[in-house]
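Visitor: I am new to this structure and would like to learn how to read it. Could you walk me through a few features?

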Amino acid sequence: MTRSVVLDYDGTVTESDLLDRAAKEFGDPAVYQEVEDGLNEGRLPLREVITREFAPVTASLEEVVAWVLEHARVRPGFAEFVSGARDAGWDVHIVSSGFHELIEPVLEREGVEVSLHANRVDPRPDGWRVRWRYPDDCDVCGESCKRTLLPAGEVVYVGDGYSDRCAALAADRVFATAGLARYLTERGTPFEPFSDFHALSRALPSRG
């Protein structure tokens with residue numbers, strides 16, 4: 001049976017959520033706060049939130065990528081984890097609601113090649129347009145959702161936020177931090193705390 005580790009990116013692979021930070025840094029803070037409040041209160045779906053957060057961004061892609069590379073800090077042990085997990089018989093995937101264009105430069109910097117599913121962005125000078133790459137209308141949550149992209153077989157899911165909720169509930173084993181950990185605690189859903197990739201490496205068994 002195939003065994004896979006599915007990693008969220010922003011706030012999971014990275015120590016902080018660079019997608020959120022970029023939306024505030026280069027977009028409109030008032031719009032950002034408005035749609036984040038709508039997400040947290042259950043009034044807006046994530047797809048609309050991300051689309052509206054980046055519509056006011058007029059910076060060039062090169063400028064934003066340079067900012068991301070300056071500020072992106074990956075959690076300790078990431079590159080070693082990906083290599084070791086593969087050696088131990090695990091497929092490793094990153095599934096992100098962020099953008100290929102902002103994730104791939106960080107992975108290249110870290111020397112990590114991994115299966116990546118993320119959205120795309122058209123960085124127009126009159127405002128960025130998100131090219132959403134997720135199937136619509138998950139049967140469980142009704143949103144454009146990561147659950148639909150989970151691979152077959154045994155799945156270990158690692159995440160931190162709103163976009164990880166539905167997928168985490170479908171996984172066989174969950175490592176969570178931040179908002180995802182709070183959500184699962186409130187539901188009474190079992191999970192294991194996630195801190196860094198050294199600890200995650202120790203927690204994953206080799207193929208027996």
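Guide: Let's begin with a definition: a disulfide is a pair of cysteine sulfur atoms within 2.5 Å. Please keep in mind that this is a predicted model, in which local features need pLDDT of at least 70, side-chain atom pairs count only at pLDDT 80 or more, and totals for chains, interfaces and linings use all residues. Residues are numbered from 1 along each chain as its sequence is written, and side-chain values use heavy atoms, with hydrogens and water left out.

Visitor: How many disulfides does that rule give here?

Guide: In general, a disulfide is a covalent bond between the sulfur atoms of two cysteines. Here the count is zero.

Visitor: How do I read a pocket?

Guide: Rolling a probe the size of a water molecule over the atoms shows where empty space is left. On a 1 Å grid over the protein atoms alone, using a 1.4 Å probe, a pocket is an open set of points with protein on both sides within 12 Å along at least five of seven lines, and lining residues have an atom within 4 Å of a point. A volume is the space filled by probe spheres set on the points, which are joined across faces, edges and corners.

Visitor: Which residues lie nearest the centre of the largest pocket?

Guide: They are D17, D20, E36, G161 and Y162, out of 25 lining residues. This pocket holds about 540 Å³ of space.

Visitor: What about the second largest pocket?

Guide: Its space is about 200 Å³. Of its 15 lining residues, C141, C145, Y162, R165 and C166 are the closest to the centre. Helix α8 (residues 165–170) gives the most to this lining, four residues. Helices (H or I, at least four residues) and strands (E, at least two) are DSSP runs, numbered from the N terminus.

Visitor: In what order do the strands of the sheet run?

Guide: Two strands pair if DSSP finds at least two bridges between them. Seven strands make an open sheet, ordered β4-β3-β2-β1-β5-β6-β7, with mixed pairing. At the edges stand β4 (129–131) and β7 (192–193); each has a single partner strand, so one side of each lacks a neighbour in the sheet. β2 pairs with β3 (residues 115–122) in the parallel sense over four bridges.
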